[in-house]
Protein chains: 4
Amino acid sequence: MSVAEPGCRRTWQDRFAAVRAHSRWLTQPLSVEDHQLQSMPDASPAKWHLAHTTWFFETLVLRPHAPGYQVFDPTYAYLFNSYYEALGPRHPRPQRGVLSRPSLDEVWAYRTHVDEAVARLARDADADTWAQVVGTLELGLHHEQQHQELILTDILHAFSLNPLGPVYRPAQEAGVLLGASHGARGGVDEPNGAAWLRLGGGLTHIGHEGEGFAFDNEQPRHAVWLRPFELAARPVTVREHLAFIEEGGYRDARWWLSDGWACVQAQGWEAPGYWRAASDGGEGWQVFGLHGWQALDLDAPVSHLSFYEADAHARWAGARLPTEFEWEAALNTVSSGSGQVWEWTASPYTAYPGFQPTPGAAAEYNGKFMVNQIVLRGGSRLSPPGHLRPTYRNFFPPATRWQCAGLRLARDAS
Amino acid sequence: MSVAEPGCRRTWQDRFAAVRAHSRWLTQPLSVEDHQLQSMPDASPAKWHLAHTTWFFETLVLRPHAPGYQVFDPTYAYLFNSYYEALGPRHPRPQRGVLSRPSLDEVWAYRTHVDEAVARLARDADADTWAQVVGTLELGLHHEQQHQELILTDILHAFSLNPLGPVYRPAQEAGVLLGASHGARGGVDEPNGAAWLRLGGGLTHIGHEGEGFAFDNEQPRHAVWLRPFELAARPVTVREHLAFIEEGGYRDARWWLSDGWACVQAQGWEAPGYWRAASDGGEGWQVFGLHGWQALDLDAPVSHLSFYEADAHARWAGARLPTEFEWEAALNTVSSGSGQVWEWTASPYTAYPGFQPTPGAAAEYNGKFMVNQIVLRGGSRLSPPGHLRPTYRNFFPPATRWQCAGLRLARDAS
Amino acid sequence: MSVAEPGCRRTWQDRFAAVRAHSRWLTQPLSVEDHQLQSMPDASPAKWHLAHTTWFFETLVLRPHAPGYQVFDPTYAYLFNSYYEALGPRHPRPQRGVLSRPSLDEVWAYRTHVDEAVARLARDADADTWAQVVGTLELGLHHEQQHQELILTDILHAFSLNPLGPVYRPAQEAGVLLGASHGARGGVDEPNGAAWLRLGGGLTHIGHEGEGFAFDNEQPRHAVWLRPFELAARPVTVREHLAFIEEGGYRDARWWLSDGWACVQAQGWEAPGYWRAASDGGEGWQVFGLHGWQALDLDAPVSHLSFYEADAHARWAGARLPTEFEWEAALNTVSSGSGQVWEWTASPYTAYPGFQPTPGAAAEYNGKFMVNQIVLRGGSRLSPPGHLRPTYRNFFPPATRWQCAGLRLARDAS
Amino acid sequence: MSVAEPGCRRTWQDRFAAVRAHSRWLTQPLSVEDHQLQSMPDASPAKWHLAHTTWFFETLVLRPHAPGYQVFDPTYAYLFNSYYEALGPRHPRPQRGVLSRPSLDEVWAYRTHVDEAVARLARDADADTWAQVVGTLELGLHHEQQHQELILTDILHAFSLNPLGPVYRPAQEAGVLLGASHGARGGVDEPNGAAWLRLGGGLTHIGHEGEGFAFDNEQPRHAVWLRPFELAARPVTVREHLAFIEEGGYRDARWWLSDGWACVQAQGWEAPGYWRAASDGGEGWQVFGLHGWQALDLDAPVSHLSFYEADAHARWAGARLPTEFEWEAALNTVSSGSGQVWEWTASPYTAYPGFQPTPGAAAEYNGKFMVNQIVLRGGSRLSPPGHLRPTYRNFFPPATRWQCAGLRLARDAS
C-alpha cells in the first residue's frame with residue numbers, strides 16, 4: 001500500500017498522534033520553569049522545541065495545503081522559525097530563552113490547534129492534496145522526533161548546571177521509552193575487549209533506496225569501494241575509557257588531533273562530559289544523567305564524548321574510528337547498532353554523490369550544514385522509538401559533548 | 001524613641017511586612033516563566049531577587065540571632081549568595097537563569113518561612129538581642145528595596161528582547177506605587193530650557209549624619225570645598241535629547257569621552273536604550289517601557305542613558321555634569337530631586353574620607369565596588385517608596401543603560 | 001638510480017643548495033623590518049620562516065645523524081619549533097612577531113652554519129648513514145618549499161594592512177620564479193564560459209605510489225569509485241566572480257552553507273580578499289598583490305577566496321565543487337592544473353584508507369591536522385618551482401582567505 | 001624673562017635639541033627589528049613613538065606657523081596621528097606594529113627634516129609668530145618626554161615576551177639618565193617599616209598656578225578640604241610586597257576590590273608584573289627589567305603593580321592609598337617623591353573644578369580620557385630628566401601593569 005493511497009490515511013493519523021503524544025510524555029516531568037531554560041546558545045528551551053515542531057507543520061503542511069486554515073498567531077512565524085532563510089527573518093537563536101511569552105499554556109494551545117487542523121486535513125483532503133501533503137507530513141514527524149531527542153539532551157545540559165542536580169525521571173520510571181533496554185549491554189562477558197567483526201570490503205552500496213522514509217542526506221544510494229576492515233562488536237565501555245583516563249590519555253598530546261589537543265587544554269577536559277570527581281572526597285567519578293548523579297556503570301558504553309575524545313581514545317587503543325561507510329556496511333550485515341549511544345565516525349559530513357536537497361523550503365533541512373561537522377551513526381538511548389535506520393546520518397561539530405555520543409573501534413584487516 | 005527600644009518593635013514589624021509585601025505586589029504581574037528570565041549577566045531573574053533578599057535575612061539576622069531557627073534549605077546558602085566572599089562560594093552570576101529549581105512556589109514558601117521567623121524574633125527577642133539585630137534588619141529592608149528596583153529594571157530588559165513586547169502593567173494600573181507621580185514633570189512650562197539654581201560654594205558638609213538609616217558609603221559626613229556653580233532646576237527632557245540626536249550628537253566625536261566614543265561605535269548606539277525607530281515606516285521613535293512600546297513623551301526626563309551619553313549631552317549643551325557634592329549641596333537646599341530618573345554625576349564612586357565599612361559580612365555591601373563606577377543621585381520612578389535620601393549614592397559602570405538614568409546640567413558660576 | 005645510492009649525492013647537494021638559495025631570492029626584496037612582521041596569528045614573520053626551515057634540518061637531520069655536529073644555539077629549539085609536541089615545548093605561535101632577537105643577521109648565520117653542516121654530511125656520510133638521512137633531507141626540502149609559499153602569502157597579508165601599500169616586487173622583476181607563466185591563462189578565448197572535461201567514473205586509483213617524493217598524506221594509493229562527472233577546463237575567472245558579486249551573490253543566503261553565511265555577515269565580506277572599492281571614487285575594484293594595488297585582471301583566475309565563497313560561487317553557477325578524487329582523476333588525465341591558483345575542492349581533509357604517518361617526529365607533519373580543513377588541489381603562482389604533483393593535497397580551514405586560492409567548477413554527468 | 005620674549009629663543013632651541021637628542025640616546029641600544037615591535041595593543045613600536053612625536057611638531061607647530069614649510073610626507077598624517085579626532089582619520093592603534101614601511105631610516109630622516117624646520121622657525125619667526133608658537137612647542141617637548149618613558153615601558157614589555165630575555169642596557173651603562181639615582185633608596189635603614197609624615201589637613205590648594213609649564217589637567221589651582229592624615233615617607237618595598245605574597249595576599253579576597261579580585265583570578269596573577277619563579281628550580285623570584293632577568297632587590301620600591309594590587313597591599317597593611325590631593329599636599333611639603341616608581345593614588349582621574357582644555361586640537365590631549373582611569377603621582381626611574389612636577393598627574397586604567405608603578409601607604413590621622 002503506497003503512502004499516498006487513501007487507505008493508509010488512518011495509519012498516518014495514528015502515527016501523527018503517537019509522535020505528538022510522545023512529546024507530551026517527554027515533557028511531562030518538566031516544570032513550567034524547566035520548559036523555559038536555555039543553558040547555552042546550542043541548546044533550546046523545551047517550550048521552544050514544542051512550538052518549533054508545531055510551526056513546522058503549520059508552515060509547511062497547513063498553510064500551503066489546508067483550505068481555510070487560520071494561522072494560530074502570526075507572530076509565531078518569527079518566533080519559532082529555526083534557521084530557514086527562505087521562510088523569512090527569525091528570533092536570534094541565543095535568545096530563545098528570553099521568550100517567557102508566549103506561555104507554556106499558549107504553546108500547548110498552539111499544539112492542539114495544529115493537531116486538530118492536521119487531523120481535519122488527513123480526514124478531508126482529496127487524493128491529490130493528500131499525495132502532495134504526505135511527504136512533508138512524514139518529514140515533520142521525523143523532524144519532531146529529532147527534537148524529542150534534543151529536548152532530552154538540552155534539559156540534561158541545563159540540569160547539569162544546577163547545583164541541586166535535578167532528576168528528570170527516576171530510573172525506575174523511565175522504562176522502555178527512554179531506551180534503557182534498546183540494545184544489549186556491551187562488555188560484560190568480554191572483560192578483555194570486544195570481539196571484532198571482519199568485513200571483506202570491495203564495492204559496497206551505501207545509502208537509502210526504495211520504500212520507507214529517509215532524509216535527503218542519506219541519498220542517493222551509491223557505490224563506495226572499501227578495503228577489508230574489522231569493526232568492534234560493541235561500543236567502547238566506561239571501563240575502557242576509564243583506563244584511557246588513568247593512563248594519562250587526557251594529558252598526552254600523542255593521541256590527539258591538533259585541534260582536539262587545543263580544545264582539551266582550553267576547556268580543561270579531564271574526563272567525558274557530565275563526569276565529576278566524587279564530591280564526598282572519596283575516590284572515583286560520578287556522572288550526571290537524566291536520573292541525576294550516579295556512580296559510573298563500568299559496563300555501559302561511554303558517552304558524552306566529543307569527536308576529539310573518541311578519536312584520541314581510538315588511537316590510544318591501537319585502533320581508529322570507522323568511516324561512516326564501514327559502519328553502515330558492517331552494521332547492515334550483522335546488527336543494528338548498540339541503541340545506547342551515537343557513535344562518532346571518522347567521516348566529515350558531506351553530500352553523497354548526486355545529492356539533491358528536498359525541493360522547497362525543506363532544502364535547507366540538511367544540505368547547508370555540510371561543512372565543519374562529523375557524522376555519527378547508530379542512535380542513542382535518548383532517541384525516540386521508531387526513528388532510526390541503518391542509513392541514518394546524525395552530525396555534530398567535533399567539539400560537541402552534550403549529545404549522547406561515544407565510539408566503536410575499527411581497524412584495517414590484515 | 002531609639003530604634004533599639006522595645007516600644008518601636010511594632011513599627012519594625014509593620015515596616016518589615018510592608019517592604020516584603022511590596023515585593024509581592026511588584027512580581028504579581030509576572031508569570032512563572034517571566035520569573036525565570038535572565039537576559040544578560042548583569043541582570044537576575046525575579047525569582048532569584050525574591051530568594052536572595054530572603055537569604056539576606058536568613059543569613060545575617062536569623063542564623064546568628066534567632067534561637068532554634070531551622071534553616072529552610074541548606075543548599076540555598078550556595079544558590080542565593082550574591083557576592084559575599086566571606087559567606088562562602090556561590091552560584092555563578094551569569095547562570096542564575098538556569099535555576100529552574102527551586103520552583104517559584106518553593107521560593108515563596110522560603111519567603112513565608114523567613115517572614116514568620118523574623119516576626120517571631122521581633123516578638124520574642126530580649127532587649128540585647130533586639131539591639132544587636134535591628135541594624136541588620138534595617139539594612140536588609142533597604143537591601144530588599146534596592147532589589148525591588150532591580151526586579152523592574154531587569155524584567156524591562158528581558159521583555160525588551162521579546163518581539164511580542166510584553167506589557168508589565170498597563171499605565172492605568174501602575175499608579176502611585178510605580179512612581180508615576182513621584183515628582184513634578186519637567187519642562188512643560190519652560191519650553192526654552194530649564195531654570196538654573198545658583199549656589200555660592202564654599203565649605204559644604206556632605207554625607208549622612210545623625211538619626212535615620214544610611215548606607216556606610218554615605219558616611220562619614222565631611223567637609224568639601226565647592227566653587228560657585230549653577231544647577232538646572234530639572235533633568236534634561238526627551239525633547240532636549242532629541243535635539244542632541246538630530247544635530248548629530250551620536251556621530252560627532254567632539255562631545256564624547258574617548259571610552260564613550262569607542263562604546264558608541266562598538267555598540268552602534270544612535271539613541272537611548274529602549275528606543276527604536278517607529279516600526280511602521282513612519283517618522284520618529286518609540287520607546288519600550290513597563291507599559292510596552294509607547295510614543296515618546298517629549299516633556300518627560302530622558303532616561304536609559306549611559307554615563308557616556310549623559311556626559312556627551314551635557315558638553316553639547318555647553319554645560320557639564322554636576323559632581324555628586326554639587327548635586328547634594330543644591331538638592332539639599334531646594335528640593336529632593338526629580339523622582340523620575342537617576343541622575344548621572346561627574347563623580348567616580350569612591351570612599352568618603354574616613355569611610356569605614358559596616359562591620360561583619362556586610363562589609364562587602366558597598367566598599368568593594370569603589371572603582372570603575374560612577375555615582376548617580378536622586379532616584380527614579382522605579383525606586384520603591386520610602387527608600388531614598390538626599391545623601392543616597394547609587395552607582396553603576398559608565399556604559400550601563402538598563403537603569404532608569406538621565407542627567408541634570410550644571411555649570412560654573414561666573 | 002636509487003636515491004640512496006652514493007652516485008646521487010651530488011644531485012642532492014645541488015638540490016639542497018637550489019632550494020635554500022630560492023629562500024634567499026624570495027626574501028631579498030624585504031627590509032629588515034619587513035622580515036619581522038606577523039600580521040595575524042596564522043601568519044609568521046619571514047625571519048621565522050627562514051629560521052624554522054633551518055631548525056628542521058638541524059633537528060631531524062644533523063642532530064641525530066651528523067657526527068660531532070655543534071648545535072648553533074640551544075635556545076633555537078624552543079624558538080623555532082612550530083608544532084611538534086614530541087620535540088618539546090615551543091614559543092607560542094601568536095608571539096612569533098615579538099622575536100626581534102635573534103636578529104636577521106643571526107638567522108642568516110644560522111642558515112649558513114646548517115647549510116655547511118649538511119654539505120659536509122652529504123659529502124662524508126657512509127652509505128648506511130646516507131640511506132637513513134636522505135628521506136628526511138628530502139622531506140626537509142619539500143617542507144622549506146611549503147614555507148617559501150607561506151613567506152609570500154604572509155608578507156602579502158602584512159603589506160595589505162599598511163596604508164602605503166608596499167610593493168614586494170614590481171611585476172616586471174618578478175618573472176618566471178614568481179610563477180607568472182606557470183600555466184596558461186584561462187578564459188581569454190572562451191568568453192562565454194569554460195569548456196568541460198567529461199570523465200566516465202568507475203573504479204579509479206587515487207594517491208601516490210612508486211618512485212619520487214610524496215607526503216604521507218598522499219598515500220597509500222587506493223581505489224575510489226566515481227560516478228561520471230564533468231570538470232571545467234580552467235578555474236573560474238575574475239570576470240565570472242564579478243558577475244556573482246554584481247548579481248548580489250554576497251547578499252543572498254541561498255548560495256551559502258550555513259557556516260559560510262554566518263562568516264559573510266560577521267566579517268562583512270563583499271568581495272574576495274584584498275579587493276577594495278577603487279579609492280578615487282571611480283567605479284570598480286582594485287586588488288592588492290605582490291606588485292601592489294592593481295586594477296582587476298578580468299581574465300585571470302579569481303583568487304583569495306575562502307572555501308565558503310568558492311562553494312557559494314559554484315552553487316550560484318549551477319554547478320558544484322569537485323571532490324579531490326574527481327580533481328585528481330581528471331587532471332591526471334589531461335593536464336596539470338592551472339598553476340595559477342590553488343583550487344578548493346568539496347573534500348574535507350581526511351586520512352586515505354590505510355594511512356600511516358611518517359615514522360618519528362615527522363609523524364606530526366600532516367596527520368594531526370586531519371579535521372576541520374578542506375583539501376585544495378593544483379598549486380598557485382606563488383608555489384615554488386618543482387614543488388607540485390597531481391597527487392598533492394594542500395589543506396586549510398574553510399574561512400581562510402590569505403592563501404592564493406580559487407575554484408574550478410564540476411557537475412554530475414548526465 | 002617671559003617664555004615669549006625673543007631673548008629666550010636660544011634657550012628654547014637648546015631645550016628642543018636636548019629633548020630630541022634624548023630620544024636618540026634612548027633608542028640607541030635598539031636594533032632595527034626591536035624598533036618594530038608592538039607586543040600588545042596598548043604598547044607601540046619605538047619607531048612609531050619616534051615618528052608620532054615628530055608628527056606632533058609638524059602638525060601643530062610647523063604646518064600652521066612655519067611659512068613655506070614642506071610637509072615631509074603627506075601619508076604620515078594618517079600613519080602617525082595617535083588619537084586626535086579633530087585631525088582626521090588614523091591608522092588603527094593595534095596595527096602600528098605592521099608598519100614596516102616607512103623604514104627606521106625614513107623616520108630618522110623625518111625627524112631631521114622637522115628638527116631643521118623647527119630650528120629655522122625658532123631663528124626666523126617674528127615676535128608675534130613666536131609668541132603663538134612657543135606654547136605648543138613646549139607642549140610638544142613634554143609630549144615627547146611622555147613618549148620617552150613609553151619607549152622604555154613598551155620595549156620592556158616586548159622583551160619580556162622573548163625567551164632570550166634581551167638586555168636593553170646593562171646596569172653599568174644605564175647610569176644617571178635611566179634614573180638609577182633619581183631618588184634615595186627606601187627602606188634600608190627602616191627595616192620595620194617606613195616613617196610616617198603627618199599632615200594637619202584643612203583647606204589646601206592643589207594644582208598648578210603661575211610660571212612654568214603644566215598640562216591643562218593640572219589646572220586650575222583650587223581649594224580642597226583635607227582631614228588630618230599620615231603618609232609613608234617612602235614607597236612600599238619589594239621586601240614588604242613579598243610578605244604580602246607569602247601571607248597569601250593574592251589568594252585572599254578580603255583585601256581586594258571586587259573588580260580587582262576578578263582580575264587576579266582571570267589573569268592568574270600571583271606576583272607583580274615581570275616576576276617569575278626562579279627558573280633553576282631554586283627558591284624565590286626573578287624580575288625582568290631593562291637590564292634583563294635579575295634577582296629581587298628587596299629594598300627597592302616594588303613596581304609593575306596594577307592599581308588593584310596596590311590597593312590590596314595597602315588594605316592588607318592596615319592602611320590605604322592616599323588621594324592625589326593628600327599626596328600633593330604632603331610631597332609639596334617635604335620632598336619630591338621617590339623618583340623610583342609612579343605611585344598609584346586612591347583618586348580616579350577627573351577634571352579639576354573649572355578645568356578648561358587647551359584650545360585647538362590639543363584639547364583632546366588630556367580631557368577626553370577623564371573616565372575609567374586612576375591618577376598616579378610622583379614619577380619613575382624611567383621618566384626622563386626634567387619632566388616632572390609635584391602637580392603632575394599621570395593616569396592609567398586600574399589593571400595596567402606594564403608601567404613602572406608601585407604605591408605609598410597612607411592612613412587617617414587619629
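1. Just after helix H8 of chain B, Gly268(B) takes a positive phi of about 65°; helices (H or I, at least four residues) and strands (E, at least two) are here DSSP runs, numbered from the N terminus. This is a predicted model, in which local features need pLDDT of at least 70 and side-chain atom pairs count only at pLDDT 80 or more, while totals for chains, interfaces and linings use all residues. Residues are numbered from 1 along each chain as its sequence is written, chains are lettered from A and ligands numbered from 1 in the order in which they are written, and side-chain values use heavy atoms, with hydrogens and water left out.

2. In H8(B) itself, which spans residues 258-267, the buried residues are Gly260(B), Trp261(B), Cys263(B) and Val264(B), where buried means under 20% relative accessible area, exposed over 50%, and partly exposed in between (1.4 Å probe, protein chains only). Because these residues cover an arc of only 160° around the axis, they are on the same side of H8(B); the arc is that of the directions from the helix axis to the C-beta atoms. An α-helix has 3.6 residues a turn, so residues three or four places apart point the same way. The buried residues of H8(B) pack against helix H9 (307-316) of chain B, whereas the face turned away from the buried side carries the exposed residues Gln265(B) and Ala266(B).

3. Elsewhere in chain B, Ala158(B) lies in helix H5 (residues 127-160) and, at 1% relative accessibility, counts as buried. Leaving aside residues up to four places away in sequence, Ala158(B) touches Val98(A), Leu37(B) and Ser39(B), a contact being heavy atoms within 4.5 Å.

4. On confidence, the predictor gives the complex an ipTM of 0.94 and a pTM of 0.95. Chain A averages a pLDDT of 92, and 91% of its residues score at least 70, pLDDT being the predictor's confidence in each residue, from 0 to 100.

5. Side chains of opposite charge can pair when their charged atoms come close. With a salt bridge taken as a side-chain nitrogen of Lys or Arg within 4 Å of a carboxyl oxygen of Asp or Glu, the count comes to 84 salt bridges over all chains. One of these pairs is Arg377(A) with Glu324(A), whose closest N and O atoms are 2.9 Å apart. Arg377(A) lies in strand E9 (residues 374-378) and Glu324(A) in helix H10 (residues 324-334), both of chain A, so the pair ties together parts that are 53 residues apart in sequence. Arg377(A) is buried, with a relative accessible area of 0%, and Glu324(A) is buried too, with 1%.

6. Another salt bridge is formed by the side chains of Lys47(C) and Glu33(D) (3.4 Å, N to O). Lys47(C) lies in helix H2 (residues 46-65) of chain C, and Glu33(D) in the loop between helix H1 (9-27) and helix H2 (46-65) of chain D, so this pair joins two chains. Both Lys47(C) and Glu33(D) are buried.

7. In chain C, Arg408(C) forms a salt bridge with Glu343(C), the closest N and O atoms being 2.7 Å apart. Arg408(C), at 3% relative accessibility, counts as buried, and Glu343(C) is buried with a relative accessible area of 1%.
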